Amino acid sequence: MENLRAGDPREVGPYRLLKRLGGGGMGQVYLGHSRGGRLVAVKVVRAEYAADPEFCRRFAREVEAARRVGGFYTAHVVDADTGADPPWLASAYVPGPSLEAAVRRHGPLPERALGRLVSGLAEGLVAVHEREMVHRDLKPGNVLLAADGPRLIDFGIAQAAQETRLTGTGLAIGTPGFMAPEYVVGGEAGPAADVFALGAVLAYAATGRPPFGTGAPHAGNYRAVHEEPDLTGVPAGMAGLAARCLAKDPAARPTPARILDEMPAANGMAQSWLPPDVATMLDERNHDARDVGGGSGPESGPTPTAAQGGHKPEPTARERDREHRERDREHRERKRQRAGHRHRRLLACAELVTARITEAQHRARALAQVAAAVLPGDTHHGASLVVEAHRAAAGAPDVVARTQSLADVAAALAPVDAKRSKAAAQRALDLAQAVRGFRTKPTRVAALRAAAQALAPTDPARAEAIARGLGGASAQVEALANVAERMAMTDPHRAERIARELPAETHEWESESILDQVVKGMAARDPQRAERVARGLPGPDQRKWALLELVTTLAPLDPQAAERVARSLSDENQRTSALSRVFQRVLETDLNAAERLARTMVDEEERADALYAVAVELRDTDPERALAVARRIPEDWRTLALADLAQSLYPEHPGRAEHLYREAELLAAEVQDEEHGLAARLWIAAARGSADPERRRQGLLEFPKAEYVSGLLLLSSGLVRARPAQALELLEECVQIARDLPEDDRMSALEHLVLVGAELDPDWAARVAQEASALKAEYRHYALQRMAGTLVDIAPETAAAIAAEAVHAIRKEYGGSTEIVGDALVTLAEADTESAVQLAMAGRSAEDADRLLAQLVEGLVAEAAEQAGRAGGPGMSAPT
């Protein structure tokens, strides 16, 4: 529980709100008090969603779903108002920790508790399924542990069983590692999918880890579909049930009713079913609830407030730390939501740009790229874009161009929609086969070659057969090389065979290029063979890059294999780069392995960065170990980690923090490199500022002006969320001082001020960016580009002006080239699409303008994919 914040409501409907309980993707949950004294959990929809009619429709469906579910082991809905502003829902308050919180804090549950857990969840699922519904997101975080058994909560994505497919842009529909294979692959979620999730929850409760591992979401989903669960550590009496629940075939899984029949009946008079440590957590929450609400009975009165004469104590250090973490969580959530908005806006801009392309083949390809990006989140609109792409292809000037346009459409659609890709390829083949007559033989061969390329991603065997059937050895070889490259990701073994058949004297480069693609295609399916292919590449540089790509692909799937391949690289720089990629993946899943890997890195700076990253991960949960890891960092880089740890320790352990600060200062004083030592002392001074910003600001005055500005920037960055007004005041001081710096240093300082200040005050950041854009610093276009990208979502008019200035600066720097304006033009298109189109077309032939506009569409789609990854929604994936 956390105290209410300044912006939180005090009343919702008939309920007085007392505390914050937590938050989800769509709303904040509060502990509330009814007029009769009962405690309830009140979920309030976030303001940004309340104005969205589609979201409100989904919320109303959630309420209806939750009201229909009864049973002992679900949290009952007691009240709701889906028409309020904002909408809200109240359910019975369950004063117990989530299964996830209990296992994280105290480890796996004993076998006796596992039996009660499974029985209770199975009974809850029976109640859900009897209403012809599916929960769809059963996971440890949605299971509360109450004194009389578990409770199943959060029907935010539940849906009637007959409506098994749910689509919607940006709507999260499940948790990786707990989603059934049929749900992951085809989007089908019947009652058996909930049983699969029950098996995964059982394995988690018994072992403390998900049965399909941790890490990137796609890796968990991949293992759930293709690999057997890891049930090591599940008690023998439960392992068989877990394995049956986790069967790949939905028909092989037991029903919840069957599970209840198999489990021994619970003894209602027995001692608490929870182990003592977890029961203590429950007691703590009961105690907190009584303190806040004065009990849960009707005779209990509300807690006195400060206005009524009650004393509101100062928050403890632990409460301040919790509030800081909550602010961080909300900040991350806002960033995720902004990324989702940008994803949709970028695709809309890309669609507008395609309308200005006149040449049929460029237009068809651009439309197909946008369609492929839209389809995962909006099937209906994506399908209409596919139809437009076909129409554009039909407008190509001759049969070869039309066939090639359809091949481009098929290639763009293949990663996201094999059926539509295959349909485009079949149309290409029909066009090619319709060419008849001796005089048209060259046209027929060219059209068939394009049709073979179109079929290669989705029907590689047929594509190969068409290529081999072309007359003339030269035509066959060219066609085979083309189809092999396009099928490398979907049928890498066939592509490898074809590549090795190509004549070395004429197609050595093409063969090596195909084999490079084959390594990427094989990496997830057959990593050992992919490694053999990579090591067999003739060129040493190509061999290194192929192995590096293999490491990147393997890292989230098999970190140990990825590490082995990385260590085998002979080039030290590439070996360091490869190990860093493995480390980033391992850091997400296994801190012990991450620390071991970090300690073995040869490059001192890379080792320092890696050990620091481990220390940061451990900082809040295990400060003693974090300090031990920090002290393994090479001395020249250790000051940063020690100052950072001291800053986090200061609220609760000021004496210990001061000791670490002194240790860091001694190390900084011994650094031989003058510039490095100055940077270290600057970092320490800024870190100390979190406790006393004004005093530390004075302490920074000893540094030269440029470093003083850098120190103020560091200091204000640390205050952005905790003390925004003070942070903005420091940033304004930075602007005044930066005006005395040389122009290049001033440009750099103002750029960084924009990056930090954009979160605090968009108007202020826009004014600083405009000031910076007037400077004529060297390589100014890089700074202009970054500032425009920062402002595009919060100050689009300023972003558009700065992005346009960046485009002009790039063209001036590189002699009018249109090939390297991509990022700046993409930012301009997002802020002002028409201006970007006009700038792309100005002074160019129709052919050049179409080519540049097609590149712009490709850049917009790629940026949309980047934002989709940050938003993290399953309906937001887009090909790059």
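Glu 805 counts as partly exposed, since its relative accessibility is 28% (buried being under 20% relative accessible area, exposed over 50%, and partly exposed in between, with a 1.4 Å probe and protein chains only). The model is predicted, with local features requiring pLDDT of at least 70 and side-chain atom pairs pLDDT 80 or more, while totals for chains, interfaces and linings use all residues. Residues are numbered from 1 along each chain as its sequence is written, and side-chain values use heavy atoms, leaving out hydrogens and water.

The partner of Glu 805 is Arg 780, and in their salt bridge the closest N and O atoms are 3.1 Å apart (the term requires a side-chain nitrogen of Lys or Arg within 4 Å of a carboxyl oxygen of Asp or Glu). This pair links distant parts of the chain, with Arg 780 in helix H36 and Glu 805 in helix H37 (residues 796–813), 25 residues apart (helices, H or I of at least four residues, and strands, E of at least two, are DSSP runs numbered from the N terminus). Arg 780 is buried, because its relative accessible area is 10%.

## Other salt bridges

The count of salt bridges comes to 38. In one of them, the side chains of Glu 863 and Arg 342 meet at 3.9 Å, N to O. Glu 863 belongs to helix H40 (residues 846–871) and Arg 342 to helix H11 (residues 317–354), so this pair ties together parts that are 521 residues apart in sequence. Glu 863 is partly exposed, at a relative accessible area of 24%, whereas Arg 342 counts as buried at 13%.

A salt bridge within one helix is formed by Arg 599 and Glu 595, at 3.7 Å from N to O; these residues are 4 apart in helix H25 (residues 591–599), which means that about one helical turn separates them. Here Arg 599 is partly exposed at 41% relative accessibility, and Glu 595 is buried at 11%.

## Loop residues

Asp 85 and Pro 86 are joined by a cis peptide bond whose omega is about 0°, and Pro 86 has its place in the loop between strand S5 (77–81) and strand S6 (88–92).

Arg 136, a residue other than glycine, has a positive phi near 80°. Its loop runs between strand S7 (133–134) and strand S8 (143–146), and Arg 136 counts as buried because its relative accessibility is 6%. By contrast, Glu 778, in the loop between helix H35 (762–773) and helix H36 (780–791), counts as exposed at 53%.
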